[in-house]
Amino acid sequence: MCTGRVDPVIVAEAFKKGLDGLLVVGCHFGECNYVSGNFQAKAKLDMTRRLIKHVGVNEERLSFQQCSSGEGALFAEIVGKFSKTIRELGPIGGDGDRVKAPEIFKKLEAAEAVLAGEKIRWVIGKRTPFIESGNMYGEVFTEHEFNRAIDMIIVEEIEVQEILGKLKEGAQSVKDLAKALSIPSERVFRNITALKRKGMIKLEKVSGRTPIFQLVPQEV
Amino acid sequence: MPDKKEDIRIGVFLCHCGSNIAGYLNMEELEEFSKKLPHVTFVQRNLYSCSEGGINEIKKGIKEQNLNRVVVASCTPRTHEPLFRSSCGEAGLNPYLFEMVNIRDQCSWVHMQEKEDGTTKAKDLIRMGVAKAALLEPQEPIMSEVQIRALVIGGGIAGMTATLAFANRGYEVVLVEKEEALGGMLNHLSKLGPTMTDASALAEEKVRAVTGHSKITVFTKAKVTLVQGFIGKYKVDIETESGNKNIDIGVIVVATGGRAFVPEGLYGYDGKRVITQLELEVLLKNGLASAIKNVVMIQCVGSRNEERPYCSRICCQTAVKNAMLIREQNPDAKVSILYRDMQMYGVENEEMFRDSKVKRVRYINYDPANPPEVEPDNVRVYHALLGRDMDLAADLVVLSTPIVAQDDANVVSQLLRVPIDENGFFMEGHVKLKPLDFATSGIFLCGSARFPANIREAVAQGLGAASRASIPLAKGSVVVEPIISVLANEDACRGCGLCVALCPYGALEIQNTEKGRKVHVIDVACKGCGVCAATCYQHALSINSFTDKQIEAQVEAFLN
Ligand SMILES: Cc1cc2nc3c(=O)[nH]c(=O)nc-3n(C[C@H](O)[C@H](O)[C@H](O)COP(=O)(O)OP(=O)(O)OC[C@H]3O[C@@H](n4cnc5c(N)ncnc54)[C@H](O)[C@@H]3O)c2cc1C
């Protein structure tokens, strides 16, 4: 097995269950035992770092480092440094993180759903071609542009998951959702429209003049 | 095969590894702890789980305790997993219902001073292993045929020896040499220590045998440009003078040797008065000028320093040999060898060393902090015993430089996907257990490609590598580990091809099936890296023995 096997979903799930730090150590580029798995690992974990940061986890809790089996001293140094960082940060959802427990775990649940989802996995899977030869419209991205695009997708996908999470608790209006989640109501509205089109939510009733939305149970 | 509804009965075997583990971890505590883990029905400690006695205990446990999962907490799966797996198989348990927990290399050896913390960590590791073991599923090994033809890269003494060994067993061999002539370093040497065999004669004899053998195809001025496939089924592209060849190959031997370091800018090296041992070999071959009366050799030039910390091992032998050859050609020449430590391993070399002292070769120790200085007519060296500088007359200064890795070693490394070490030499699968194999099955190594070797070692390794590589050729087939990618949820797969593009081995392809476009795993090509499973947004692909569920169970066990 290779670091390329590390599925971002499992990373988010582990943090959600109370993990304080995750260090992934792979081969140096060009020396990967599985040829290019470490490139995949780095792309996935870089993105996961951006995402956990967005939901309020200190991104230092997730680290991807490179070291060969012949570099014992370097390995010890990497592990030592990382342990120190995590010790200083303390338990997840404490002083070290922007969002505190228990709210942080709710956020991580949304993060996990985003990481399991099609959009972000597709884009990360296509990262190399996007950067090297462009998307289907022939637009070639720089690393920087690619990361910006990823950040936008993260924001949107997390909002979608948070809306779905909230609706799990019961049907709600756009305004209430916006307030509960601190997301601008026009963005909630846009997401609701998209979710409705995908058949993931539907109109439950109109209360006064306000439409109330509810979840459509999905088959797994 | 235990079916899923059957009780999971896990046996945990805790290895003491003599005192390697038991000396640093609390084994009694680990035993009591393991007994309480879910599904664990049997726990036993062994002095050495890998010994005959230990293996018999595991087999006995499977039979008498009716175990249907086995966990061994011991050393490293790198060296011992195959043994434990096959032992389970011999006792009638599917070998893939075995899980190994590393409590030595990654635990007791790291935490020798922290018994309590080390024991706690071992508990975590065992708990995780047991959690995974409960979810293991039986697997069946995959068989694949082997193309009965070997490829040897590099036609030095090691490569030629391996080539002949294959051919004399009746196997076809393709030998690829990048230079115009076969022979490697031998072509530049005069006489070979310790036997003083003529280098050209040895080279010629080998080249004649190789080129005259009906089973051997030699390409000189050629290079390997592409290697695809896996053990038994490689497709190799070779660029030759007569055009490009594409040849089916079963096994590969790397024998690309090394080159002598050129000491530019060191000790006034100029290739005329200050030369290398390699340049001296050529002078000796052609007969040394009689005007040369005073020779000073300096050892460890460009080695055992910060940039190149290793000892090249063969330079001391070479210096002693050449000192004697100089005295043979110019009997009244004075030869001094300035050394840091003399590396004269082996009975014959030690004898040659003693002999050289009788023949009045002078040895002077120098301190690297205060190295000799090469001056226009002499070499100045601080003599520690005399406690002062000494001036040694020198018409010729010979620098003993190390053998370094070939400049293109990284290219070959990438072509074959085999590792090189920090000095650029190829790295074997295991120093003691697989000294002639790479970790990747089907590829082997010998000679100075691994580390500076003398002829005797290069020949022995060439014979050894060919012998190791002949095993799959003789069997005609190989069994591939079934720890690979599988399409676990065919309905979920949309045949999008995202995974196909990311697979480093070309082991995935899209096929049209009755259910539409679906991915298909070419099992023998898959190495089980898991990139596809970590990428698939439909979560349709899984890795045998590393499923999402198994990994999640380990994470959960760790956190609880
Ligand atoms: C100055 C000197 C003196 C020595 N004296 C002695 C001695 O007295 N006694 C003794 O036992 N040993 C001696 N040795 C050591 C001896 O030379 C080595 O043991 C021997 O050459 C090792 O053989 P090899 O086949 O591993 O490598 P090499 O001889 O280095 O041969 C490697 C071959 O591979 C080829 N090659 C490299 N890369 C590629 C590629 N990518 N594709 C195709 N072909 C490639 C090279 O061209 C070369 O022909 C001496 C070495 C030196 C430098």
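Colleague: Hi! How many residue pairs are in polar contact between chain A and chain B?

Modeller: The count is 10 residue pairs between chain A and chain B, with both residues at pLDDT 80 or more. Keep in mind that this is a predicted model.

Colleague: Which helices of chain A supply at least two residues each to the side that touches chain B?

Modeller: Those are helix 1 (8-16), helix 2 (37-54) and helix 5 (118-125).

Colleague: And which helix gives the most?

Modeller: Helix 1 of chain A does, with five residues.

Colleague: Nice. What classes of residue does that side of chain A have?

Modeller: There are 12 nonpolar, 10 polar and eight charged residues on the side of chain A that touches chain B.

Colleague: How many salt bridges cross the interface?

Modeller: Three are found between chain A and chain B. One of them pairs the side chains of Arg494(B) and Glu118(A), at 3.2 Å from N to O.

Colleague: How many residues does each chain bring to the contact, and how much area do they bury?

Modeller: Chain A brings 30 residues and chain B brings 30 residues. Together they bury about 2600 Å², and 61% of that is on carbon and sulfur atoms.

Colleague: Let's switch to chain A by itself. What is its secondary structure?

Modeller: Chain A has nine helices and five strands. Starting at the N terminus, the order is α-β-α-β-α-α-α-α-α-β-α-α-β-β.

Colleague: What share of chain A is buried?

Modeller: Of its 220 residues, 42% count as buried. Chain A also exposes about 11700 Å², with carbon and sulfur atoms supplying 53% of that area.

Notes: Residues are numbered from 1 along each chain as its sequence is written. Chains are lettered from A and ligands numbered from 1 in the order in which they are written. This is a predicted model: local features need pLDDT of at least 70, side-chain atom pairs count only at pLDDT 80 or more; totals for chains, interfaces and linings use all residues. Side-chain values use heavy atoms; hydrogens and water are left out. Contact means heavy atoms within 4.5 Å. Buried area is the accessible area (1.4 Å probe) that two parts lose on being put together, summed over both. A salt bridge is a side-chain nitrogen of Lys or Arg within 4 Å of a carboxyl oxygen of Asp or Glu. A polar contact is a pair of N or O atoms within 3.5 Å; within protein, one must be able to donate a hydrogen and the other to accept it, and residues adjacent in sequence count only if both atoms are side-chain atoms. Helices (H or I, at least four residues) and strands (E, at least two) are DSSP runs, numbered from the N terminus. Ala, Val, Leu, Ile, Met, Phe, Trp, Tyr, Cys and Pro count as nonpolar, Asp, Glu, Lys and Arg as charged, and the others, Gly among them, as polar. Buried means under 20% relative accessible area, exposed over 50%, partly exposed in between (1.4 Å probe, protein chains only). Accessible areas come from the Shrake-Rupley method with a 1.4 Å probe; for residues, only the protein chains shown count as cover.
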